[in-house]
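Reader: I have a chain open on my screen and would like to go through it with you before I plan anything. Could you take my questions as they come?

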Amino acid sequence: MDIYMCQFSGCLKQYKNQCNLKRHEEAFHSENKKYQCAHCKKLLSSKQNLKEHEFIHTNANPYVCKEFGCGLRFRHGSQHSAHKRIHTAIKNIVSRSSVGKFKLVVTENNSLETLSINVQEITLPAIGRSQPYCLPII
């Protein structure tokens, strides 16, 4: 698989496709920002960035997790995508073990989440807050 790396000095961003790299470069390294927020006049480089920026002003969280029992909402599509990877990790763990019920937990300093299982404990990537989650026993 090809990796596309940002060529701007000091930027270490990498992307799986050229389109995402181009979007990153336009958003963070280009002076060509032609979309303006009607609420605060901030200039942004793409319609998508403007759309997601405006959710700050409207308090909208339009990206909804459709996973059974979850329903968390997100302001940015990228946050939603990262969240969905948690469910994928959980499904992979469940398919390899005889897990019944578990809960994702965030520590007080919001730095580490663990997956408490009646069999073992597994560390997962950060997701931002506690998320109770029960799977049916298969």
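Reader: How much accessible surface does the chain have, and what part of that belongs to carbon and sulfur atoms?
Author: Keeping in mind that this is a predicted model, the accessible surface comes to about 9,700 Å², and carbon and sulfur atoms hold 52% of that. Of the 138 residues in the chain, 30% count as buried.

Reader: And which elements does the chain have, in what order?
Author: There are three helices and ten strands, and from the N terminus on they run β-β-α-β-β-α-β-β-α-β-β-β-β.

Reader: Let me switch to E52; where does E52 lie, and is E52 buried or exposed?
Author: E52 lies in helix α2, which spans residues 47-58, and E52 is buried yet has no salt bridge. The nearest side chain of opposite charge is that of K51, 6.4 Å away, and this does not count as a salt bridge because the cut-off is 4 Å.

Reader: Then what does the side chain of E52 join in a polar contact?
Author: The side chain of E52 makes a polar contact of 2.9 Å with the side chain of Y63. Leaving aside neighbours within four places in sequence, E52 is in contact with Y63, R75, H76 and G77.

Reader: On confidence, which elements have the lowest and the highest mean pLDDT?
Author: Strand β8, residues 113-117, has the lowest at 47, whereas strand β5, residues 63-64, has the highest at 94. For the chain the average is 77, with 69% of the residues scoring at least 70.

Reader: What about residues 110-120?
Author: Over residues 110-120 pLDDT stays under 50, although the model has 40 contacts for them beyond four places in sequence. Where pLDDT is low, predicted coordinates should not be read in detail.

Conventions
Residues are numbered from 1 along each chain as its sequence is written. This is a predicted model: local features need pLDDT of at least 70, side-chain atom pairs count only at pLDDT 80 or more; totals for chains, interfaces and linings use all residues. Side-chain values use heavy atoms; hydrogens and water are left out. Helices (H or I, at least four residues) and strands (E, at least two) are DSSP runs, numbered from the N terminus. Buried means under 20% relative accessible area, exposed over 50%, partly exposed in between (1.4 Å probe, protein chains only). Accessible areas come from the Shrake-Rupley method with a 1.4 Å probe; for residues, only the protein chains shown count as cover. Lys and Arg count as positive and Asp and Glu as negative; His and the chain ends are not counted. A polar contact is a pair of N or O atoms within 3.5 Å; within protein, one must be able to donate a hydrogen and the other to accept it, and residues adjacent in sequence count only if both atoms are side-chain atoms. Contact means heavy atoms within 4.5 Å. pLDDT is the predictor's confidence in each residue, from 0 to 100.
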